[in-house]
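Let's take a friendly walk through this model, starting with one residue and then stepping back to the whole chain.

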Amino acid sequence: MRNRFEVSDTLELLSKYNNNAIVNIRKIENEEGNELEVCKVPKQVVYIYTNANLKQNEILRRRKSEEL
């Protein structure tokens with residue numbers, strides 16, 4: 001994790017496997033399994049649950065405001 005995001009945010013999925021897609025964050029957990037509402041610590045390891053099946057090396061990024 002590098003930038004701040006939170007549960008219910010809409011992010012863009014950049015993938016070399018599939019077409020890019022829009023994903024919604026449903027749940028976030030830290031390494032200890034504690035549920036988080038907001039991720040705001042750079043390089044923190046988190047586990048996110050989304051409406052998409054994510055694969056290794058895919059990138060999630062915040063959508064630009066003009067795309068919303």
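## A buried asparagine

Asn-30 sits in strand β3, which covers residues 21-30; strands are DSSP runs of E with at least two residues, numbered from the N terminus. The model is predicted, so local features need pLDDT of at least 70 and side-chain atom pairs count only at pLDDT 80 or more, while totals for chains, interfaces and linings use all residues. Residues are numbered from 1 along each chain as its sequence is written, and side-chain values use heavy atoms, with hydrogens and water left out.

Asn-30 counts as buried because its relative accessibility is 11% (buried means under 20% relative accessible area, with a 1.4 Å probe and protein chains only).

## A charge over a ring

Lys-27 lies over the face of Tyr-49, 5.2 Å from the ring centre; here NZ of Lys must be within 6 Å of the ring centre and within 35 degrees of the ring normal.

## The whole chain

The chain has seven strands and zero helices (a helix being a DSSP run of H or I with at least four residues). Buried residues make up 25% of its 68 residues. The C-alpha trace spans about 30 × 25 × 20 Å along its principal axes.

Methods: Buried means under 20% relative accessible area, exposed over 50%, partly exposed in between (1.4 Å probe, protein chains only).
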